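Here's a quick walk through one protein model, written for someone who likes cut-offs spelled out. Have the viewer open as you read.

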Amino acid sequence: MTREIFWTPLSAATRATLEEEFFDILWRCDSPSLARRDAATLELTRRFWEFEPIWSDRAFLTDGEIGFDARLRFERAEEETRFASLNAAKNAFAARVEFAETRETRESFEAPAGENDEVVAERRLGTLAFSWDVPLRVVWLAPVLSECATRESGTNALWIPSSRFSSPELQPEFNAQRVDYEEYFVRAAESESGEREAGLLFDVVAGVEPRPWTLAFPAESEGKERVYRSLGLTVALSPLKIDGRECVATFAVNYDGAYDAFDSHRVWYDLYDFALAPDGEEPRLFVPDAATRSGRTATGERVELRFTLEEGVDASRARLICALPRFFVGTRLLR
């Protein structure tokens, strides 16, 4: 499987250059000149994701390396980045009804006795197609069928779902960008057809910004976890355990808020969200053989990944690459 996570991680030289540029911008955020501070803030916001390998280790915010104004401007850039990502995620969704025009899927039937005049003697099999055009990790999506309707081109007739008082929960395939739901539609009564607007209403919970993120393991001598943070996600990484060719990476994932993404039956990330990158002139990436999850809470869980390396590969300075969403959004949308 080809995924963005398999990009080669930053080299030590590139990382050093990026770190120098990042702190140069922050120091300019403390300039006596307001114009210089504002220009530096704009540059920081524009390049915010580029600098994630540096700022995700939050020690620089409290170790006295930057001034108070620079910290405030960094936090402003972070909030603007989150807001832009949130808006992009909401705007990414599209929804439409696709009717299958065959004899088997468009038929006449008798309305059951006692039904009101909303039901007429024709129904059509349609597909509610929901899609999103930016990378997201959709945990679930549920059409609110009681509020869904579509108009037929040509006749302008209004069609509504036949089982319109249910809200099926749809769970897309891993890393998908579309999920479908088949439903019979019936033609709305004339009294309703002229008043009601067409549109598809749905609820969705999705992880935003599932982009590759490179994290360094703490050394055994540190005796504690190394904590990284990006927008609404905190990852606490334990020292990498190495036994010959076998490696075990253990870390805790915690979100500021995750809606119901960590309910016991939810599975919205898998082995292909992770890779181990041993240090070297020509870095090789290794996908985990297995994952064990434990201690699940409403906002996170602990994960253990097991890797098998090739003979002769030195994992002592390896880094973990993960593609976990940086925060979650839960919203209701009309399309």
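## Helix α4

Helices here are DSSP runs of H or I with at least four residues, strands are E runs of at least two, and both are numbered from the N terminus.

How far apart are the end C-alpha atoms of α4? They sit 35 Å apart, which agrees with the 34 Å span that 24 residues (68-91) should give at 1.5 Å a residue; the expected span is 1.5 Å times one less than the number of residues.

## Where the model comes from

This is a predicted model, so local features need pLDDT of at least 70 and side-chain atom pairs count only at pLDDT 80 or more, while totals for chains, interfaces and linings use all residues. Numbering runs from 1 along each chain as its sequence is written, and side-chain values use heavy atoms, with hydrogens and water left out.

## Leu231

Leu231 lies in the loop between β10 (226-230) and β11 (233-237). Leu231 is buried, at 5% relative accessible area.

Contact means heavy atoms within 4.5 Å. Leaving aside neighbours within four places in sequence, Leu231 touches Phe48, Trp49, Trp55, Glu78, Arg82, Asp256, Arg326 and Phe327. Ser56 is 175 residues away from Leu231 in sequence, but their C-alpha atoms are 8.9 Å apart.

## The whole chain

The protein chain has five helices and 18 strands. Of its 335 residues, 47% count as buried. Among contacts between residues at least 6 apart in sequence, 73% join residues at least 24 apart.

Notes:
Buried means under 20% relative accessible area, exposed over 50%, partly exposed in between (1.4 Å probe, protein chains only).
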